[in-house]
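Hi,

Here is the structure I promised to pass on. Have a look first, and my notes follow below.

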Amino acid sequence: MIGGLFIYNHKGEVLISRVYRDDIGRNAVDAFRVNVIHARQQVRSPVTNFARTSFFHVKRSNIWLAAVTKQNVNAAMVFEFLYKMCDVMTAYFSKISEENIKNNFVLIYELLDEILDFGYPQNSETGALKTFITQQGIKSQHHTKEEQSQITSQVTGQIGWRREGIKYRRNELFLDVLESVNLLMSPQGQVLSAHVSGRVVMKSYLSGMPECKFGMNDKIVIDKQGKGGTTDDSGKSELGGSGKQSIAIDDCTFHQCVRLSKFDSERSISFIPPDGEYELMRYRTTKDIILPFRVIPLVREVGRTKLEVKVVIKSNFKPSLLAQKIEVRIPTPLNTSGVQVICMKGKAKYKASENAIVWKIKRMAGMKESQISAEIELLPTNDKKKWARPPISMNFEVPFAPSGLKVRYLKVFEPKLNYSDHDVIKWVRYIGRSGIYETRC
Amino acid sequence: MPAVSKGDGMRGLAVFISDIRNCKSKEAEIKRINKELANIRSKFKGDKALDGYSKKKYVCKLLFIFLLGHDIDFGHMEAVNLLSSNKYTEKQIGYLFISVLVNSNSELIRLINNAIKNDLSSRNPTFMCLALHCIANVGSREMAEAFAGEIPRILVAGDTMDSVKQSAALCLLRLYKTSPDLVLMGEWTSRVVHLLNDQHMGVVTAAISLITCLSQKNPDEFKTCVSLAVSRLSRIVSSASTDLQDYTYYFVPAPWLSCKLLRLLQCYPPPEDGAVKGRLVECLETILNKAQEPPKSKKVQHSNAKNAILFEAISLIIHYDSEPNLLVRACNQLGQFLQHRETNLRYLALESMCTLASSEFSHEAVKTHIETVINALKTERDVSVRQRAADLLYAMCDRSNAKQIVAEMLSYLETADYSIREEMVLKVAILAEKYAVDYSWYVDTILNLIRIAGDYVSEEVWYRVIQIVINRDDVQGYAAKTVFEALQAPACHENMVKVGGYILGEFGNLIAGDPRSSPLVQFNLLHSKFHLCSVPTRALLLSAYIKFINLFPETKSTIQEVLRSDSQIRNSDVELQQRAVEYLKLSSIASTDVLATVLEEMPPFPERESSILAKLKKKKGPGAVSVNELEEGKREGGELNGGGERGDNSAISTPSPSADLLGLRTGPPVTAAAPSAGSLLVDVFSEADLEPPTESSDSLLAEGPGDSDATPGCPCMFVCLTHTHTLLSLALRFVCKNNGVLFENQLLQIGIKSEYRQNLGRMYLFYGNKTSVQFITFTTTLNVQSKPVEPLIEGGAQVQQVINIECLTDFSDAPLLNIKFRYGGALQNLTLKLPVTINKFFQPTEMASHDFFQRWKQLSLPQQEAQKIFKANHAMDTEVLKAKLLGLGMALLENVDPNPENFVCAGVIQTKAQQVGSLLRLEPNAQAQMYRLTVRSSKDTVSKRLCELLAEQF
């Protein structure tokens with residue numbers, strides 16, 4: 001189990017230090033600072049071992065979060081916890097920065113006391129935490145004894161993530177499908193590896209203790225229904241290029257509110273949602289991914305001192321949709337001494353500090369193409385090493401799900417209160433972003 | 001770039017450095033550096049020429065980036081350009097960049113060398129110094145090639161400035177150290193020596209470092225420096241502290257120079273010229289006198305400098321080892337330091353005293369400090385000083401104070417640091433043995449040693465005590481009594497049980513008369529320890545029990561009872577079980593006469609160098625102390641075992657078969673000490689067996705295919721008579737022995753056992769499967785004759801095969817063995833040479849001296865003789881050589897060759913067709929580490945083959 005948790009600033013100074021177990025001494029703090037933060041070589045592994053002690057760290061901007069243990073713990077659990085910790089802190093004081101951590105350090109200790117007990121992670125549901133850990137901006141609404149006892153029963157009860165007696169005048173529900181698409185493509189346009197990792201994030205403002213049921217075009221479900229004879233026309237695609245009916249999900253994880261037994265037996269996702277914002281599920285797909293952009297590179301070396309680069313990007317989705325925040329990053333050799341760029345659309349610039357040409361386009365519709373050409377001057381070096389030609393990477397945002405996932409329904413039942421599924425206002429939004437989207441050149 | 005405040009530093013560089021320092025993270029730093037590199041690249045790329053200042057600035061930035069740990073792959077050309085600048089700062093930065101960044105394979109090296117040459121030939125001393133420093137800093141072979149001829153010229157030229165001379169001397173020293181073959185001695189060497197007379201002290205200091213290094217390699221060429229050094233030294237020593245101005249350091253005149261002079265003198269023997277010697281002795285006396293004067297300053301630097309000279313002088317005195325007066329004074333001086341406040345001084349004093357103790361003149365003087373040293377051992381806080389004190393005690397020990405020192409070391413052992421305990425134990429054991437006048441004292445000491453530090457007592461120590469007890473009749477009774485008493489302690493160390501078991505088994509009868517130690521009491525005492533011991537000790541105890549049956553028939557029933565118990569006779573350990581069964585049968589079947597013969601008392605052990613001493617030597621590197629020990633060992637060696645025992649040699653050389661058979665055949669004491677020639681052989685070859693088997697098997701495999709191309713027409717015929725698989729390879733190490741592991745890898749181990757008689761031989765091959773998986777389709781093929789074999793070897797199993805061999809005529813190629821099998825899915829294929837060599841069929845022939853030489857002369861045709869001169873591969877140990885020659889199969893003839901160092905052997909090779917007489921002569925030359933081997937035999941091919949085989953063995 002987690003023996004202790006430390007938060008450092010970029011200099012390696014300890015901002016927060018919370019030790020849960022006796023086997024972690026004060027020197028563990030220094031060991032991490034010396035061997036990881038101040039290491040001569042950059043430490044890339046998120047897990048490091050010194051003197052029979054394991055350190056798991058994540059870095060948020062300039063802040064290091066490190067969990068320390070002497071036992072053989074489940075590393076995935078520790079990281080899940082660290083990320084959850086980041087989420088909780090973000091929910092309390094927005095950005096995680098040195099300044100914010102220093103200002104909220106009493107709060108952070110209080111949170112750490114609550115969400116880790118003797119090194120075992122406890123309830124880390126932001127909504128629930130906010131009901132009883134209240135500091136600064138978050139005003140406490142519960143002062144009466146009755147309300148306090150309600151908190152206790154909620155936190156210790158079966159449905160720890162939702163309290164009783166929530167009431168809204170307008171029952172409203174927001175559903176976001178957020179996906180990031182990762183790609184590695186050969187110069188000839190062959191897909192070497194591609195996968196989508198997606199999240200379904202929900203914001204619910206519903207009264208009472210509603211029972212929800214979420215449906216999407218999961219291949220297994222659709223096939224089962226297809227066998228049963230019912231055809232579902234709503235499965236037809238309105239997005240993206242392909243009109244495929246269903247998607248194969250490689251693996252998925254759910255929020256604790258989802259009834260896993262029901263998912264296992266019927267593959268239906270039913271749950272009592274927490275109040276406010278939360279992540280309903282995470283999933284990953286690798287088959288039939290819609291690649292929103294195609295990058296076609298052309299690199300020509302002219303003698304030892306010159307390099308000509310031409311890159312064409314093609315958008316590959318419905319013309320009515322608009323991609324945003326497009327950025328293409330073309331790496332330049334380490335001995336670049338000067339760059340001239342010409343591009344039709346957007347702005348391009350050589351960034352010496354990053355050894356790359358960065359080309360930015362604000363908006364681009366589907367089924368279009370655009371190109372950039374650059375002349376790179378090189379300084380002859382006495383190093384015989386050839387340039388490694390790192391891949392061209394790309395960033396963008398598109399308003400559909402590259403995996404092809406579609407929400408079929410989200411039904412809400414609240415038998416005790418008198419509102420039905422039709423009375424709930426539902427919003428669905430798809431956002432596809434680039435993860436690591438690279439093309440070799 | 002617009003000129004910014006030229007002259008006072010480089011602002012751009014300062015800004016860049018402060019930017020880097022202000023970076024909050026590594027990423028930010030890398031970004032800033034990338035930006036700067038791009039900027040510098042665009043500047044260097046630009047067609048317009050940069051002025052010197054900007055070039056210098058950018059090169060500086062590159063250097064800084066490089067020192068931050070980033071790769072720099074450009075800018076070298078610009079740096080080289082800077083070398084030709086006329087400004088000092090620009091030149092300096094250029095040289096700096098080059099000495100840090102340019103590696104030898106660069107094509108720029110020609111340009112750089114050119115620039116350096118220009119600077120060296122310029123008359124500007126600062127430029128010359130810069131160039132010399134660059135050469136020394138790079139110090140590569142290329143640099144040495146280019147400038148090794150030039151620098152000596154600069155060094156001895158009359159018009160060279162002093163500062164340049166200093167740099168040149170040090171630069172030459174550096175080049176000499178990296179590539180001594182390129183610095184050629186010439187007429188300049190004699191002139192370098194005269195630099196010792198230079199006016200400028202700096203030049204002298206630099207030159208003396210060079211001379212010291214050079215004279216270590218070529219002492220004769222620099223002989224003249226001794227008198228110059230002595231006169232220089234005497235001038236410094238006799239000068240007042242103010243005479244040397246800049247070179248006086250805290251009131252000590254030129255301490256570094258003095259130390260170096262003294263060190264130079266240590267390269268040479270004492271000067272023969274009386275005047276020079278007198279002057280030198282005077283100097284040394286002055287230095288010793290000065291040490292007595294009250295310090296001129298309380299500063300630590302003053303005393304450090306003074307003591308540095310003093311210690312250097314003392315090591316010179318020790319080096320000369322010819323002035324009793326000085327040696328004693330040095331010793332007294334060191335004695336004062338023994339109680340000094342400074343830990344370092346105490347350490348150094350003890351260290352120097354260790355070397356002083358070995359000098360015959362000062363040994364007595366050192367001994368007077370014994371109390372202080374013992375005190376240091378007890379009270380010193382620093383462990384390294386305690387270690388030195390222990391070393392010194394060991395070095396100063398002799399017959400007169402041995403008892404005291406050993407007692408002190410023993411008492412110290414109880415509290416000694418773990419790191420030095422083992423060494424201490426060895427030392428105590430050696431001293432106790434070396435200086436024992438009274439053997440009961442020796443036995444007491446060693447038993448005490450085992451009691452106090454049993455874990456650190458190595459096998460050798462207790463083997464030794466048993467050897468000594470067995471060889472000395474007079475202590476046997478006492479030893480038995482003492483071990484009996486020692487064993488009565490409730491918890492005693494296993495080594496003690498071993499010693500006790502052995503000694504009581506041999507000499508228990510000597511104390512059986514006392515009712516307190518009656519046979520049954522003795523047995524019960526030993527048996528009470530039995531269950532706490534490891535298997536080898538239990539095996540030893542079982543042997544002791546059977547000896548008890550012989551010594552005291554009244555214990556027979558009790559002991560048989562014990563042997564018969566399930567825990568013995570059904571012991572899971574094969575060794576113990578076998579002993580129990582055999583001893584039980586032996587005791588119940590054999591008559592008392594047979595028992596008495598079989599279980600006879602162990603014969604005395606042969607005299608050998610103490611194995612403990614060898615162990616200590618191995619433990620410590622070749623240092624001053626161990627050299628000492630070697631000498632001491634020679635001087636005093638064998639004193640203990642000397643005495644009257646030498647006459648027993650005849651008894652020693654005849655092995656007592658009964659003892660070998662039943663005594664302790666696999667017990668450790670016998671392997672260490674059994675007197676038969678056979679076990680000596682084991683001893684000798686055990687070293688060879690330590691070679692990593694994989695390595696040798698690799699080379700075998702590599703050899704395999706090539707050999708298989710050779711003609712298979714081996715003139716010797718092999719007949720496979722039995723059913724299982726065959727064969728092995730010829731490893732050279734099997735020339736002189738018949739048994740061992742022929743081949744081993746992760747899968748398969750092949751063992752070999754062979755016996756030869758006249759022209760017949762029988763070879764047993766053992767194929768062991770080391771894996772847990774069975775080998776399938778296992779086949780072996782002999783290139784002479786092959787036979788299908790049973791195709792399975794179960795995992796972990798071993799299969800045996802016997803080959804009968806008959807030698808038809810002489811041969812030089814060994815038969816090849818090919819092994820094929822499937823392991824898992826993969827087909828394994830091995831080709832090995834069988835270790836059958838012509839010498840296996842030797843019949844030893846004893847002959848007298850004149851017979852030998854007569855036959856030697858008969859075989860005088862040139863083709864009958866084969867001779868080889870070769871370098872020794874192993875240590876030239878007479879015993880080892882003898883054992884190897886015996887293993888060869890010839891008779892080793894004593895007292896034949898007029899030179900006792902040489903070995904001569906005679907034998908007849910028995911083949912079916914004919915008999916080939918062979919004579920052999922091996923002449924070792926210990927100085928050159930060479931051997932000359934001559935073989936004469938009646939058949940020329942045999943001589944040649946024997947010569948080839950043997951040349952690899954020594």
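Which residues are buried in helix 5 of chain B? They are Glu90(B), Lys91(B), Ile93(B), Gly94(B), Tyr95(B), Phe97(B), Ile98(B), Ser99(B) and Leu101(B), where buried means under 20% relative accessible area, exposed over 50% and partly exposed in between (1.4 Å probe, protein chains only). Helices are DSSP runs (H or I, at least four residues), numbered from the N terminus.

Before going on: this is a predicted model, where local features need pLDDT of at least 70, side-chain atom pairs count only at pLDDT 80 or more, and totals for chains, interfaces and linings use all residues. Residues are numbered from 1 along each chain as its sequence is written, chains are lettered from A and ligands numbered from 1 in the order written, and side-chain values use heavy atoms, leaving out hydrogens and water.

Back to helix 5 of chain B: its buried residues pack against helix 3 (52-67), helix 4 (76-83), helix 6 (109-121) and helix 7 (125-138) of chain B, contact meaning heavy atoms within 4.5 Å. Leu96(B) also sits in helix 5 (residues 88-101), but Leu96(B) is partly exposed, at 39% relative accessible area.

Now the two chains. In chain B, 18 residues touch 24 residues of chain A. Together the chains bury about 1,600 Å², 48% of it on carbon and sulfur atoms; buried area is the accessible area (1.4 Å probe) that two parts lose on being put together, summed over both. Arg41(B), Lys45(B) and Asp73(B) supply 37% of the area that chain B buries against chain A, more than any other three residues.

There are two salt bridges between chain B and chain A (a side-chain nitrogen of Lys or Arg within 4 Å of a carboxyl oxygen of Asp or Glu). Glu27(B) and Lys59(A) form a salt bridge at 3.8 Å, N to O.

Cheers

Methods. Helix = DSSP H or I, 4+ residues; strand = E, 2+ residues; numbered from the N terminus.
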